[in-house]
Amino acid sequence: MSKSLESIRYYDNKFEVLNQLLLPQTFVYEDCSTSDLGFAAIKSMKVRGAPAIAIAAALSLASELKNLNKKLNLVDTKNYIFSKLDYLCESRPTAVNLFKMTEDMKSLMQKELIHLENNITGGEILKNLFIKKAEELLQNDISDNMAIGHFGAECFSKKEKVKILTHCNTGSLATAGYGTALGIIRTLHAQKKLERTFACETRPYNQGARLTAFELVYEKIPATLISDSMASFLMKEKGIDGVIVGADRVVANGDTANKIGTYQLAIAAHYHNIPFYVAAPTTSIDCKKKSGKEIMIEERPKKELTHINNMQIAADGIDVWNPSFDVTPAFLISGIVTEIGVIFKNEIGEYDVADFLNKKK
Ligand code: MRU
C-alpha cells in the first residue's frame, strides 16, 4: 500500500505542515515550528480541517517550547503556554477542537502547577508535559479515525455495495491521518463494499475538488467529482445510499456545524430518503452549547468568491456574503459516528449527546 498522505509532519525539533493552498499542483511542506507560524498557517488555511487545526496549534507551540533557548520558572512557563494557547485560539472560531485542546491543556497544566509548586525544575517539567501531551494528540487522532471508520461502515452493513456522497475534505489532509467521513469511505473501500464515492467540489474554497479529489485519486478509491449544484440531481438519478460529512462542532442537541453546503445536502438527502451521517471524533463535540444557534460561524474574505487563483470572476463592486460553515439541524441527521460508537436519536426523535458520552465513560 502506498504511504498515506500527511497534512502535518512532526520531527524531534521541527514541525511542518503541507501547504494545502498549493494543492493539487504543488506538494510542499513548510516549517511551522513556532506559534506565530502555526497561527498564520491555520488562519490562511494552509492547514485546515477541525482535528488538524487543533493538532497543528498544539504541535507548533510544542516545537516552539522545545527550541526555547531560555529556561523559565514554573509560573512563567505556565503563563507562556496559556498566553500562546489563547493567541492560537484567535485563528479560526468555528471548529471546537482547537478550543477543547486549549481547555484540556490548561486544566492539565493547572493541576500540575499545584504538585510542582516547590520544585526548582518545575518549569521544565511543565513544558515537557505540554510537549508530551501535544505529541499524543497525533496518535490519538489516527486511532480515533480508524474507529470512526469501523463504526461508520457498520451503518451500511445491510447493503452489499454502496454509493456515498461526501462534502468538503475530511480525510488525511484534515486530520492527523485516515480521516473521519473519508475514513468511513476508506473503510468501506477496504471492505470491498464501496461502489463509488461522489465528492462535491465545495465552493468557494474547493476543498472537495482540490483536496478530496486529490486524496481519492492518490488512494485509488473509485470517485466522481460533482459541483455542489448537482447534488440533488445526483441523489435522484444515481441511487445514492448515504451522505457522510464531517463536523466542525456538534452541540448537545446534535445540531452540527460543518462546511458551507452541508445543510443543503442534508435537506436534499431528507427529501430523497437517503441516510445522512455526520462523522465526528468526540474532540469535535461541544456539549456546552445547547443548540446550533449558539455556534459562531466564521466569515471568510470575499475574495474567495470573487476570484479563482487570483483571477477575478465576479463583477467589480458586487457585495459578497461568505460564511465558511453552516449548521445542519439535528433532525436531518440519521446518526453521529464517533470513535466510541454511533449516536442515534432517542425514542422521541431527539439527540442527547451528553447522555451518550456519559454512558460511554
Ligand atoms: O474550512 P475548513 O476546510 O477547515 O473546513 C473543514 C470542514 O468543514 C470539515 O468538514 C471538518 O472540519 C471536518 S474535518 C475531519
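In strand 16, V342 is the bridge partner of V337. That pair belongs to strand 15 (residues 335-338) and strand 16, which run antiparallel to each other over 3 bridges; two strands pair if DSSP finds at least two bridges between them. Strands here are DSSP runs of E with at least two residues, helices are runs of H or I with at least four, and both are numbered from the N terminus. The model is a predicted one, with local features needing pLDDT of at least 70 and side-chain atom pairs counting only at pLDDT 80 or more, while totals for chains, interfaces and linings use all residues. Residue numbers start from 1 along each chain as its sequence is written.

An open sheet is formed by 7 strands in the order 6-5-4-7-10-15-16, with mixed pairing. Strand 6 (223-226) and strand 16 (341-343) are the edge strands, each pairing on one side only. On average, neighbouring strands of this sheet are turned by 25° against each other, direction ignored. Helix 7 (residues 207-218) lies across strand 4 (162-166), strand 5 (194-200) and strand 6, running at about 160° to strand 5. Angles run from 0 to 180 degrees between N-to-C directions, and axes are lines fitted to C-alpha atoms, for helices over the stretch in contact.

There is also an open sheet of 4 strands, ordered 11-8-9-14, and its pairing is mixed. Strand 11 (285-286) and strand 14 (325-328) sit at the edges with a single partner strand each, so one side of each has no neighbour in the sheet. Strand 8 (residues 249-251) pairs with strand 9 (residues 256-259) in the antiparallel sense over 2 bridges, and V250 has T256 of strand 9 as its bridge partner. Helix 9 (residues 262-271) lies across strand 9 and strand 14, at about 35° to strand 14.

Strand 9 turns up again around the ligand. The ligand is surrounded by 17 residues, the closest being R48, A50, A174, G246 and K259; a residue counts as near a molecule or strand if its C-beta atom, placed from the backbone, lies within 6 Å of it. Helix 2 (50-67) and strand 9 are the elements that give two or more residues to this shell. By class, the shell has 6 nonpolar, 8 polar and 3 charged residues, where Ala, Val, Leu, Ile, Met, Phe, Trp, Tyr, Cys and Pro count as nonpolar, Asp, Glu, Lys and Arg as charged, and the others, Gly among them, as polar.

Helix 3 (residues 74-88) and helix 5 (residues 122-154) pack at about 30°, their axes 7 Å apart. This makes helix 3 roughly parallel to helix 5, a label for angles under 35 degrees, with over 145 being roughly antiparallel, 65 to 115 roughly perpendicular and the rest oblique. Their contact is made by L74, D76, T77, K78 and I81 of helix 3 and G122, G123, L126, K127 and F130 of helix 5; two residues are in contact if their C-beta atoms, placed from the backbone, lie within 7 Å. These residues divide into 4 nonpolar, 3 polar and 3 charged.

Helix 3 packs on helix 4 (residues 97-116) too, at an angle of about 175° with axes 10 Å apart. Helix 3 is thus roughly antiparallel to helix 4. Residues making this contact include L74, K78 and I81 of helix 3, and by class the contact has 10 nonpolar, 1 polar and 2 charged residues. As for helix 4 and helix 5, their axes come within 10 Å and cross at roughly 150°.
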